[in-house]
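Subject: Structure handover

Hello,

Here is the structure for your files. My notes on what was found follow below it.

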Amino acid sequence: MSEARSRRRPVKTTGTLPPEGSAAALGREHSLPVRQWPITLVLLVVGAGLAVTWFADFQEGFKYGLLILGGGVLLGAVLRLVLPEVGMLAVRSRFTDVIVLSVMGVSIVLLTLVAQPNPWLEISLLDNIGQLIGRPRR
């Protein structure tokens with residue numbers, strides 16, 4: 001039998017490790033949502049933000065909901081940074097998780113603050129870009 005035919009691919013992947021800090025935040029004596037309280041908290045805040053965005057019945061209610069949603073993502077970044085074990089909130093390395101969650105959270109918050117109509121944050125560079133694409137200056 002040739003050398004190439006005798007080397008088979010492994011049935012089970014070996015050599016991959018779970019992300020640092022991926023153990024449950026609390027012990028097995030607690031229910032799953034309580035054991036995984038960091039991701040549960042983040043999902044509750046993000047869900048509350050989506051609910052406010054969806055059900056807001058006033059003019060700029062969607063902005064409040066999106067700020068809550070962005071705050072929930074930033075909360076996830078802070079929890080991943082400061083807690084030693086975060087369970088299912090750990091997806092990649094701690095550094096990568098914190099950077100990705102921070103960039104996403106800050107992006108959501110900044111885009112919400114500059115959303116039209118009546119932006120809460122004026123950035124002159126965005127007005128200049130708007131002029132380039134044909135939007136009249138205010």
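Which elements of the chain have the lowest and the highest mean pLDDT? Helix 1 (residues 3–6) has the lowest, at 58, and helix 4 has the highest, at 96. Here pLDDT is the predictor's confidence in each residue, from 0 to 100. The chain mean is 85, and 84% of the residues reach 70 or more.

Ground rules. This is a predicted model, in which local features need pLDDT of at least 70 and side-chain atom pairs count only at pLDDT 80 or more, while totals for chains, interfaces and linings use all residues. Residues are numbered from 1 along each chain as its sequence is written, and side-chain values use heavy atoms, with hydrogens and water left out.

Overall layout. The chain has six helices and zero strands. Its pattern along the sequence is α-α-α-α-α-α. Helices (H or I, at least four residues) and strands (E, at least two) are DSSP runs, numbered from the N terminus. Of the 138 residues, 25% count as buried. Buried means under 20% relative accessible area, exposed means over 50%, and partly exposed lies in between (1.4 Å probe, protein chains only). The chain exposes about 9,800 Å², and carbon and sulfur atoms supply 68% of that. Areas come from the Shrake-Rupley method with a 1.4 Å probe; for residues, only the protein chains shown count as cover. Among contacts (heavy atoms within 4.5 Å) with a separation of 6 or more, 56% join residues 24 or more positions apart.

Helix 3. Its 19 residues should span 27 Å at 1.5 Å a residue, and the end C-alpha atoms are 26 Å apart, which agrees. The expected span is 1.5 Å times one less than the number of residues. Pro38, Ile39, Val42, Val46 and Gly49 are buried in helix 3. They cover an arc of only 95° around the axis, so they sit on the same side of helix 3. That arc is taken from the directions from the helix axis to the C-beta atoms. An α-helix has 3.6 residues a turn, so residues three or four places apart point the same way. Leu44, Trp54 and Phe55 are exposed on the other side of helix 3. Helix 4 is among what covers the buried residues of helix 3.

Gln36. This residue sits in the loop between helix 2 (32–35) and helix 3 (37–55). Gln36 is buried, at 10% relative accessible area. Leaving out residues up to four places away in sequence, Gln36 touches Ala24, Val86, Gly87 and Met88.

Aromatic rings. Rings of Phe, Tyr and Trp (its six-membered ring) pair if their centres lie within 6.5 Å; planes under 30 degrees apart are stacked, over 60 edge-to-face, and the rest tilted. The count is two aromatic pairs. Phe58 and Tyr64 form a tilted pair, 5.8 Å centre to centre with 55° between the planes. Tyr64 and Trp120 form a tilted pair too, at 5.2 Å and 55°. This second pair links distant parts of the chain: Tyr64 is in helix 4 (residues 61–82), and Trp120 is in the loop between helix 5 (94–113) and helix 6 (124–132), 56 residues apart. Phe58, Tyr64 and Trp120 form one aromatic cluster. Phe58 is partly exposed at 45% relative accessibility, Tyr64 is partly exposed at 44%, and Trp120 is partly exposed at 34%.

Best regards
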